[in-house]
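We will walk from stop to stop, and at each one I will tell you what to pick and what you will find.

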Amino acid sequence: MKSLVRPEALTVAAERKPEPADEGGEYLKVWHEKESLNGTPCDAFVIILRTSGCYWAHTRGCTMCGYARETLGREATEDEILSQVAKAMTHYRDEPYVKIYTSGSFLDPHEVPPAARLRVAKAFSGRARRLLFESLPEFVTPEAIDGVRKGFEGELEVALGLETTQDDVLQKAVTKVSTVEEYLGAARRLRDLQVLGKAYLLLKPPFLTERQAIEDTVLSIGKAKDLFQTISVNPVHIQGGTLVERLWRRELYRPPWLWSLREVLLRGKESVGDAVRLVSFPTSGGNPRGVHNCLTCDGRVLRAIERATLSQDFEPLRKVAECTCIERWRWENSLEYLAP
Ligand code: SF4
Ligand SMILES: [Zn+2]
């Protein structure tokens, strides 16, 4: 694997850091999406709060992550977080599944002060059945989890951006701040605290060939399956202000093929069986910046992936009609490793 050009990563991080905002009372986005809870289809409500964001993103960050651009450029106060949530709640329709994102870690006290975390949890208690949020592993402590649990009487689910279970891929291609073992340790703590664990696995970080990327994610699903109740395969999409975007603009990177994602999901499902929910909600799917095929067959493959995600029945995805572009994908898979 070629190593990352470190000075370029630092420049990218410095350029995307926003100026400190004057006003911090507006949330970033809300939307509604399809999900499933314990095997039953349901609606989910998603909020993205504006906070200081992931501390690592401002230092160097991961090669594919541009969320730092959407942050406040400073820490949010407790009142600002509560104002954001109050405004977001006007769109809430009692969806049973609520996901709260912060472009970082909900459990980082510099992003969301503990008192605000408790009030956010209370706002959904008795209305939602499950509350999901994301965190870096070092913030997953019994104290932090208890602080949320005190306010919310339903199920808690914590998503960890594990990305891969291979340390060299995590350190050199994704450039995470934490090690694989730190993520797995956090997953064990979640299990001990009876909190649901969700792993994000990244399909095709830079510097891997398409075939290496497929094998990396299939291997990672097999290694993560005993510690997480849900595994979400996230194909890289080109976000602004990232090293991956620079590579893509120089034609040194192509987002993964949908055929690759299909192969990962089919092989992954064989490996996890019914014990783990294997899902994928690709961002920018069927678009040159996201996971895509030839752009004509993409719609039907994406629909088959969505159906498999929601139903956990992967047979229709296995049988989805192929397209002539699958030959090109196979051909590139077999030759790409020869490229310098
Ligand atoms: S992927 Fe996660 S850890 Fe990496 S910079 Fe983005 S938010 Fe931070
Ligand atoms: Zn096609």
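In which helix is Ser 220 found? Select residues 210-224: this is helix α8, and Ser 220 is in it. (Helices, H or I with at least four residues, and strands, E with at least two, are DSSP runs numbered from the N terminus.)

Before moving on, two notes on what you are looking at. This is a predicted model, where local features need pLDDT of at least 70 and side-chain atom pairs count only at pLDDT 80 or more, while totals for chains, interfaces and linings use all residues. Residues are numbered from 1 along each chain as its sequence is written, chains are lettered from A and ligands numbered from 1 in the order in which they are written, and side-chain values use heavy atoms, with hydrogens and water left out.

**Around Ser 220**

Ser 220 counts as buried because its relative accessibility is 0% (buried means under 20% relative accessible area, exposed over 50%, partly exposed in between, with a 1.4 Å probe and protein chains only).

Next, colour the strands. Eight of them form an open sheet of mixed pairing, in the order β1-β2-β3-β4-β5-β6-β7-β8 (two strands pair if DSSP finds at least two bridges between them). At the edges stand β1 (29-37) and β8, each with a single partner strand, so one side of each has no neighbour in the sheet. From one strand to the next, the twist averages 25°.

Zoom in on β6 (residues 196-203) and β7, which run parallel and are joined by 6 bridges. To see one of the bridge partners, select Leu 202 together with Asn 234 in β7. Strand β7 (residues 230-235) also pairs with β8 in the parallel sense, over 3 bridges. There, Thr 230 has Arg 277 in β8 as its bridge partner. Helix α11 packs on the sheet, touching β1 and β8, and its direction makes about 65° with that of β1 (axes are lines fitted to C-alpha atoms, for helices over the stretch in contact, and angles run from 0 to 180 degrees between N-to-C directions). As for β7, 5 of its 6 residues are buried, so the rest of the structure largely encloses it.

**The zinc site**

Finally, select ligand 2. This zinc ion is coordinated by the SG atoms of Cys 294, Cys 297, Cys 323 and Cys 325, at 2.3 to 2.4 Å (donors are N, O and S atoms within 2.8 Å of the metal, or 3.2 Å for Na, K and Ca; water is not among the atoms, so sites may look incomplete). Along the chain, the donors follow the spacing C-x2-C-x25-C-x1-C. Cys 294 lies in the loop between β8 (277-279) and α11 (298-311), and Cys 323 in the loop between α12 (315-318) and α13 (325-335), so the pair ties together parts 29 residues apart in sequence. Cys 294 is partly exposed at 30% relative accessibility, whereas Cys 323 is buried at 16%.

Conventions:
Contact means heavy atoms within 4.5 Å.
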